[in-house]
Amino acid sequence: MNEIAIMLLAPIIAGVLAWLLDIKRVREIVGVIGAAVPLIYIVQTYQSVFNGGTINLDVPVGGFTLSFALYNLTWFFAAIAALLGFTMALGMASTSKDGYEWLFALMSMTGVLGVFMAREFVSFFLFWELMTFASFMMVLKYNRSASLKYFILSVIGAYAMLIAIGILYAKTGSFEFSTIQQFMYQDATKTALGVKGAFGKSETILLYLLFLTAFGVKAGAFPLHVWAPDAYSETNQSYTSFFSGVLSKAGVYGFVLLYSMMGIKLFYTLGTFGGHSLFAYTIAWIGALTVVIASFLAVLQEDIRKLFAYSSVGQVGYVLLGIGVGTQLGFEGALFHALSHAIFKGLFWLVVAALILQTGKTEFKDFGGLAKKMPITFAFGLIAVLSLAGIPPLAGFASKWILYEAAISAKMPLVAGAIFLGSGLAFAYVVRFLYAVWFGQMPSDLRNVKEAPLPLLLGMALLGMLNLVFGIAPGLVTKFLNTIFGHEVITGDIYTINTGVGNYNALMVAICLVAGIVIAGVLFLYGAKTRKVEVNDTYQSGNPVTQDFNLSIRVHFYKPLEEALSFWLRISFDKLYTIIAKWVEDFAEVLKNAVYNGNVQSYAWYLGIILLILALWGW
Amino acid sequence: MSQYASLLIALPLISAFFVPIIKRISRDAIMPYLSLITLIQTGVAAWAFKEVYTTGKPIIIMAGGFKPPVGINLYIGHFAALFILIVALASFIMAVFSRKAISIEPKDKYAMLFLLLMLGATGMIATGDIFNLFVFMEITSISAYALTGYNKTGEASEASMKYIILGGIGSSFFLIGVALLYGSLGTLNLAQIAQLAGNMNATVAQAALALIIFGLAVEAEIFPLNAWAPDAYQGAPHPITAMFSAFVVKAALYAMARILYITSSASSWSNVLRLLIVLGTLTVIVGEMSALRQKNVKRMLAYSSIAQVGLIAVGFALGTQAGVNASVFHMFNHAIVKALLFLAAGYVAVELGGTELEKFEGLGRKMPLTAFSITVGAVSIIGIPLFNVFWSKLRLILAALSANYAWIAALVLGASVVEAVYYIRLIHLMWFKGEGEKMEENFVLGGIMVLLVAAIIIIGVYPGPVWNIVQKAGSDLFNVANYVKNVPLLGVSP
Amino acid sequence: MMNMIIQAVLILIYATFMGFIFMGIERKTMARIQRRIGPPLYQPLLDTLKLLGKRESITHGFIYDFGPIFALGASILALMFLPLTQNFQLFSSSGDLIVVAYLLEVPMLGIMLGAMSSGNPYSGVGVQRGLLTMVAMQLPYGLALIALVEHYGTFSLQEIVKAQQIAGWSILVPALLLAMIVFDIVFQALLGLEPFDITTAPAEISMGPMVEYGGKQAALLFTQHAVQLFAETAFFVILFLGGANNLLELLIKQIAVLFIAIFIASIYPRFTIDQAAKFLWKWPTIMGIIAALLAVL
C-alpha cells in the first residue's frame, strides 16, 4: 500500500483503537506503535527523497481529488512531525491517563502529517481543521477558556484561509498547488510588464493578509500569539511537546507555501522597501517582534509551563524571521531552526512533563534542588538548556548561526539585532529554569520525588541525542536542505558549514571545548582534595542559618526587569481580544433581545417592512 | 408501476383519518400504529428513490389521469425522491421517539396531526402545481400550528398563537401572489409557468414573485420573518421540533427554490435573488448571535437551526448550479444532524425533566451515549472534517466565492465562529463539569442515535456516493429546461 | 596539525600569564588613581598560586565543581578562535565572529551554574543581576557587531583583520567609530567593571556569584577571569584597532584598551540593574542602530 496512506492512517486508527479499548497497558502499546509507524516510513524513504525522488498519492473524495506528495521539502516537515509524534507517544505512555487523550493526540498527528504532505488546498484545509480540532480537544479537557481562546483564534485563521482558497479557486479554477503556482507566476509577469493580471492589487493584498492571518495564528506570531501561553500550559505536557514543536511548524509551512506560490506575484505587486521586498520584510519584522516580545514575557513568568510556552512562541518567531529574510540562506536557516526548535523544545516539554508528573507542582516557587533526585532528567534538561541558549556545539547554535549570517548578509541589521536580544533573553530564562528547579534548597514536600519513568526517559534520550548529533554535525541537516533548493546553498562537509561569508566547524569547536575542559580539569585535580558540605552551610555574613530558612530566590526572579519594562507591560493583546470577545457577546445579546423580543406585534411589523422592501425593490 | 408512488400522498392521508377508528379499538395501539404507517411510508419512499435514481427519470403521477396543465400532477424527480425519503425516515424516527416522549392526551389527535404534517411536507415537495403547493403548505402549517400548542402550556399556546398570526399573514400573501401569477399567465402548473415566465409583465412579475417568496419565507424561517420560530421550536413537543427542523422548513425552502428557479426568466429575478442573499446572510448572523447567550439548550438548537437554514437559503440564492448543489447537500446533512440533536435533547428532557443548561451538566457521566451523540452533532455542525457538514459547508463557501460574493462568505464564516463558541461551551459542560450516576438509556432510542451518528461519520469520511446523489438532485432544481421537458404538458395555451 | 596544537598551548600559557598581568595592571592603576601605592603587577598570579596551594576546599556537589571547570574551558575555547597575530592564527578558520561573540558569553553560563548550585542567596542575587546585565547589553553589543559585519561584508575574523591592514583601522569609518563607542560601553559590562559591575557588586553582595568559592575553585575562576580578559581585549583590538602583526603590537593595543576601561571604571559609580537596562537601551542602542544603518548604506 502506498507509504503516504499508511503514514496518514496509522496514527488515527491507532488512536481510535486506543480510545475504544480503554485498557491500561494495551492502549499505551497501541498508541506508541501507531506513532512509530510514520517514523519508520520516514526513515525508510530518506534515501530516495534525498536523491530527488517523489512519492504521490491521489484520493478522490466527494467530488474533490485529495492529493499528497512526499518529496524533500514535505519530507523534512513530515520527519519533524513523525519524530516528535513518536517521542510524544513515549511521553504520553507515562503521563496520560485515558484513551481520550490518545485519540486526539494521534488524530492531531494524522492532521499535521496530512497538512505537510498535501499538494492541494482541499486536503490542506481538511487536515488543517482536523489538526486544530484534535489539539483543541486536548486542551478542552483541562481548561475551557484557554481552549476556547485557542479554538476561536485558530478557526478565524482557518476561515480566513478558506476564503483565500475560495478566491484562488474562483480565479484559477483549481486547488492544486502547482497549478496555482504557475498561474501566479504568469500573473506576476503580467503585472511586471504593466498588463492587468487576473488578480488586482487589492485582491493580492487581501490574499496576502488572509494567509498571513491564517498561518500567523497557527505559528503564534505577534499579535496573534495570545492563545499559545494558555493552550500550551493547559494540556498534557507530553502532548505539548508535539503541540508546540510541530503544530506551530504547520504555520511555518504555510508561510513557505505562501512564498513558493505567491512570492513572485507579491513581490511585483507590493514592491520593495529599503531594498527588501515589502511582503517578506513584513514577515521578517513580525518574526523579530515575536522574538523580542515573547522572550521578554517569558523572562517574567512564574509558572514553568507559561515560561516555556512564551519561549516556544519566541523561537517560532526566529523561524518566521528567517523566512522573512527571503534569501535561500534565510530559508535554510529557518528550516534548520524549525528542526532544532522541535528537538530542543520537545525535549524541554518532556522534561517539564516529567517534573509535573513526579512532583505535581507547576510554579517555580514550589520547586528546588531536584538535581540530586532526578539526575537523568536534569542531564537532559541541561542539554535542552544549552541548545536553546544557543551554546555551541549544540543544535540550537548551528541554526541560530545560519540565521545570523542570513539576516546580516541580507542587510537587515535591525532584524539581526532582534535575534541577539532574543538570544540574551533566552539565556536569561533558561538559567531561571535551571536555578529554580534544579538547584538551591529543596522544599520539604519534594523529599520523596523519584526519577521519571522509563518511557519518558526514552523519549528524552532520543531527542537529547539528536540535539548533540545535529549540533556536532550540522552538515547532515544542511546537506539535506540543500536538495530543496537544488544547489549548494551551504557548503562544507558534515561537520563544517560554510555560508560563503562565514565558517563554522562544529567538530573543531566541540574538540576544543573538550580540550579546554580537560585542561581545566587537570588544573582542578592538581589542587587539594575537597570536602562536601550541605547546601545550607554557606556564607551568610555572620547570620546563623537553619534548615527552613529560605536561601533561594524563586519568586519574581527578574523583578528589576519587570520594573524596567513596566510601561510596556501595560499593553496586552490578550486583554484586547478578551475585550473584543466580550463586546461581541454583549452585542449579540442586545441584538437578540431587540429582534426576537417575544412581541408578536413587532413580528408582524417585520413582515410588513419586508413586504414593503420587496415591493419597492424594483423602483 | 410507478403510480404506486401516489401512495406517498394517499397513505398518510387515509391513515390520518383512520386514527379515530384505531382509538376505538385500543388506546394503546395509536403509537405503534403511527410507527407502522411511517415505516410503510419509508418503504414506499425508498422504493420510489430507487426507481428514480436507477432509471434517471422522474416519476410523474397525474391526478385523475388528466394531463397537466388541466390536471394536477405530482413530479417526483431526483430532489423530491431524495427528500421524500428523508421526510419519511425522519417521521419514522420521530414516531418511534413519540412513544417515549408524548405523554399528554389526546394522543389520537397527536397521531393524526403528525401524519398530516408528514403528508403536507411530502406533498409540498412532490407537487407540480403551484396551487396544490399552497394547499399542502396550508396542511403543513395548520398541523404545525396545532402541534406547536400540543403541550398545553402557556408558553406553547403563546408560541402557537404567534405562529398562527405570522403564518397566516404569510399564507395570505402567498395566495395573492399566486392569484397575480395566474392572472398573468393563466396556468397554475409549475412546468408551464417555467415555459411562459418570460412573457410576464415586468411589474406583475415583480409583485407576484415578491409576494410568493414572502409567503414562503415565513415558513422557511428567513430573517426577520422567522421570529415565530424560536418560540415555536421551544414550545412544541420534542419529536415535533425535530420534524420542524429536519423537514418542514426544508420543504418550504425547497418550494421557494423551485419557484425561484422556475421563474428565472422573469425580469426582476436578479433583484429578488440579491434580496434573498442579504436576508439569508442576516438570518445566519442574527441566528448565531442569538444562540450565544441562551440558557435553554432546545432554544439554542432552535437558533442554530435557523442559522443553518439561512445558510441554505444563501446557497439557493446564489443563482449558480454549484450553489444549488451545495445547498441541497447541506439540507441533507443538516436534516440528519438536527434530527439527531433534537432527538437527543428531547430524550434528555424526557429523562431529566427539562432542557435548561443545568440539566446538561455532567451528562457525559449520566447518559454517555446521549452526550456522545450530542457531541458528534455539535462537532459536525461546527464544520469539523470527518463529519458530514464539513463537506457541505465547504461547498457552500466555495460556491459563494465563485459567484463573487466574498463578503457573504466572510460574514457567514464569522457567524460560524460564534456557533463554535456556544457548542463548545455545551460540550465542555456535558463532559467536564458536574457529577452524576450512570442512568439506564433506552435501547431503541440509543440504537437510533448510534445509527445517526454512524451516518454522520460515514458521510463525513466517504461523501462520494451522497455527493453524486445530491448533484443529481441539485440539477433537478437548477436545470429548469429539463424539468419542463419531463412533464407531459398538454400544450394548452393561456 | 601538531604545529597548531603547539601554537595553541603556547598561546594559552602566554594568554594566562598576560591575563594575570592585566588584572595586576587593573589594580595598580586603580590604586594610583586613588592615590595609593597598590599591589605589585604580579599580585594576581601570586594570589592564584596561593589559592591552588590550599590544603582543603569545600564543595557543594558535582555541578559546583564543574561550573568553574566549564567556565575556564569555555574561555580557553573562545581564545582559540581568535586570530591573534599573523603567526598565531590558531583555529580561527573554524569559527567566525558570531561563534566568538557567543563563546565569550558561555563562561558566564558556567559561572552561573556553579553559583546556582552553591545555594547561597548572594549568589542567587548575583546570578539574577548577571543575567539581566547580559540581557541589557545584548542589544547594543549585537548592533555594534552587526554594523561591523555589514561594513566588511564578511563574518570571518581573519578577513576583517586583513581588510583593516589594507584600508586602515575600523575606527576610521564613521559608522564603525560609532560602533566602537557602543562596543566600548558594552565592554565595561563584559569585563565586569564599573559602571556595570552590578553582578559582583563588591561590598554589596560580597562577590555575587563567586561568594561561596574558595581554594582551587577560586583559583580556577581567577584563571578564567585572566584568560577572559585577554580574550576580550584581543577581540576588541581585532575588531576595531586593526589587529596586530606581532605579539608586542597586540600587547600595546590591548593595554591601551584596558586603560580606557579602567579610567572609565574609576570615575563612575555603580548602576543598579534597572538603571543599567534603561541606560543601555537608550543611547547606546540608538547609536548602535544608527551605526548599523549607516553601515548598510
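Which residue of strand 2 of chain A does A:Asn56 stand opposite? A:Asn56 stands opposite A:Ala69. This report describes a predicted model, in which local features need pLDDT of at least 70, side-chain atom pairs count only at pLDDT 80 or more, and totals for chains, interfaces and linings use all residues. Residues are numbered from 1 along each chain as its sequence is written, chains are lettered from A and ligands numbered from 1 in the order in which they are written, and side-chain values use heavy atoms, with hydrogens and water left out.

## Strands

Helices (H or I, at least four residues) and strands (E, at least two) are DSSP runs, numbered from the N terminus. Two strands pair if DSSP finds at least two bridges between them. Strand 1 (residues 55-61) and strand 2 (residues 64-70) of chain A run antiparallel and are joined by seven bridges. They form a hairpin with two residues between them, and A:Gly62 in the turn has a positive phi of about 50 degrees.

Another pairing links two chains: strand 7 (residues 529-532) of chain A and strand 1 of chain C run parallel, with four bridges. Here A:Lys532 stands opposite C:Thr59. Strand 1 (residues 56-59) of chain C has C:Ser57 and C:Thr59 on its covered face, whereas C:Glu56 and C:Ile58 are on the uncovered one.

## Contacts between chains

Contact means heavy atoms within 4.5 Å. Of the two pairs of chains that touch, chains A and C have the most contacts. Chain B and chain C are joined by no contact, and their closest C-alpha atoms lie 41 Å apart.

Axes are lines fitted to C-alpha atoms, for helices over the stretch in contact, and angles run from 0 to 180 degrees between N-to-C directions. In chain A, the axes of helix 13 (residues 328-359) and helix 15 (residues 395-409) come within 8 Å and cross at roughly 155 degrees. These two helices of chain A are therefore roughly antiparallel, a term for angles over 145 degrees. Among the residues in contact are A:Gly333 and A:Phe336 of helix 13 and A:Ser399 and A:Leu403 of helix 15. This contact has ten nonpolar, seven polar and two charged residues. Ala, Val, Leu, Ile, Met, Phe, Trp, Tyr, Cys and Pro count as nonpolar, Asp, Glu, Lys and Arg as charged, and the others, Gly among them, as polar.

In chain B, the axes of helix 13 (residues 321-352) and helix 16 (residues 388-402) come within 8 Å and cross at roughly 155 degrees. That makes these two helices of chain B roughly antiparallel. Residues that meet include B:Phe329 and B:His330 of helix 13 and B:Trp391 and B:Leu396 of helix 16. The classes in this contact are nine nonpolar, six polar and two charged residues.

## Two buried residues

C:Glu26 is found in helix 1 (residues 2-33) of chain C, and A:Tyr100 in helix 4 (residues 99-117) of chain A. C:Glu26 counts as buried at 17% relative accessibility, the limit being under 20% relative accessible area (1.4 Å probe, protein chains only). A:Tyr100 is likewise buried, with a relative accessible area of 17%. Leaving aside residues up to four places away in sequence, C:Glu26 touches C:Leu193, C:Leu229 and C:Ile262. With the same exclusion, A:Tyr100 touches A:Trp19, A:Met137, A:Leu140, A:Lys141 and B:Phe432.

| Pair | Separation in sequence | C-alpha distance |
|---|---|---|
| C:Glu26 and C:Ala261 | 235 residues | 9.2 Å |
| A:Tyr100 and A:Val16 | 84 residues | 9.0 Å |

How values were computed
Buried < 20%, exposed > 50% of the residue type's maximum accessible area, 1.4 Å probe, protein only. Parallel < 35°, antiparallel > 145°, perpendicular 65-115°, else oblique.
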